[in-house]
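Here's a quick briefing to read with the model open beside you. We'll go from the overall fold to one strand and then to the charged pairs.

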Amino acid sequence: MRVGAGAALIMLVTVATISWAATPVARVDTGAMLTDFRDAAGKPAAVPTYASLTLDAEALHLRIECHEPQMSRLLAKCHRDGDSAVFRDDCVEVFVNPSGGETGYLHFVSNANGVRWAEKGKGGAPLTLAWKAQAARTADAWMVVMDLPLSTLGGPPARGSVWWFNVCRQRQAG
C-alpha cells in the first residue's frame with residue numbers, strides 16, 4: 001500500500017468480470033454498473049461509489065463517481081502525470097486484465113485532478129500508455145472518466161472472452 005505514514009486510508013473495492021459472449025465490439029454500452037464497493041474488511045462502503053463501463057470500437061470507457069460528504073477534506077495534491085504521489089491523494093484505481101486472470105493486469109490510477117499513473121502489475125515502474133483521464137467535482141462528489149484505448153489493452157475483446165476488472169477507491173478525506 002502506497003500511503004504516507006499516519007495517513008488515514010479507506011480502500012473501497014469491487015471486483016467484476018465482464019463476459020463479451022453476446023457483446024459485439026461496435027455496441028456502445030455494455031450495461032455494466034459496479035455498485036457493491038466494500039472496505040478492506042469486506043463491509044459495505046461508508047459512502048457510495050459507482051463505476052460504469054461502456055465500450056465502443058475504439059476504447060473502454062469508465063466513469064467512477066465518488067460521493068464525498070467531506071469535500072473540503074478531499075486530498076488532491078498531485079498535479080503531475082506519472083508521479084506516484086497520486087497514491088497519497090483521494091484516488092481511484094482500475095485493474096484490467098483482458099486475459100481474464102488476476103495476474104498480468106494493467107493498473108490505471110487517477111485522482112480528483114485527473115492526474116494519470118499506470119503500470120503493468122503492482123509495484124512496477126510507471127508506464128507511459130495512451131489513455132485519458134478527466135476529473136470533475138461537485139458539492140458532494142468527485143468523478144473520473146477514464147478512456148482506455150483498446151489498442152492499449154491489447155485489442156478489442158473477442159466474442160466469448162472474459163475480462164477481469166478490479167475497481168478501487170482510496171478515500172483519504174473521511
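Read from one end of the sequence to the other, this predicted chain goes β-β-β-β-β-β-β-β-β-β. That's ten strands and zero helices, both taken as DSSP runs numbered from the N terminus (helices: H or I, at least four residues; strands: E, at least two). Residues are numbered from 1 along each chain as its sequence is written. As this is a predicted model, local features need pLDDT of at least 70 and side-chain atom pairs count only at pLDDT 80 or more, while totals for chains, interfaces and linings use all residues; side-chain values use heavy atoms, with hydrogens and water left out.

**The chain as a whole**
- Of its 174 residues, 46% count as buried; that means under 20% relative accessible area, with exposed being over 50% and partly exposed in between (1.4 Å probe, protein chains only).
- The accessible surface comes to about 8200 Å², and 53% of that belongs to carbon and sulfur atoms; areas come from the Shrake-Rupley method with a 1.4 Å probe, and for residues only the protein chains shown count as cover.
- Take the contacts (heavy atoms within 4.5 Å) between residues at least 6 apart in sequence: 61% of them join residues at least 24 apart.

**Strand β4 and its neighbors**
- Strand β4 (residues 59-67) has seven of its nine residues buried, so the rest of the structure largely encloses it.
- On one side, β4 runs antiparallel to β3 (residues 49-55), with seven bridges joining them; strands count as paired if DSSP finds at least two bridges between them.
- β3 and β4 make a hairpin with three residues between them, and S52 sits opposite R63 in β4.
- β4 also runs antiparallel to β9 (residues 141-149), through nine bridges, where I64 has V144 as its bridge partner.

**Charged pairs**
- There are six salt bridges in the structure, each a side-chain nitrogen of Lys or Arg within 4 Å of a carboxyl oxygen of Asp or Glu.
- R63 and E65 form one of them through their side chains (2.9 Å, N to O), and R63 is partly exposed at 35% relative accessible area.
- R171 and E68 form another (2.6 Å, N to O).
- R171 lies in strand β10 (residues 162-171) and E68 in the loop between β4 and β5 (91-97), so this pair ties together parts 103 residues apart in sequence.
- Both R171 and E68 are buried, and salt bridges that share partners join E68, R169 and R171 into one network.
- D83 pairs with R80, with their closest N and O atoms 3.0 Å apart; R80 is exposed, at 55% relative accessible area.
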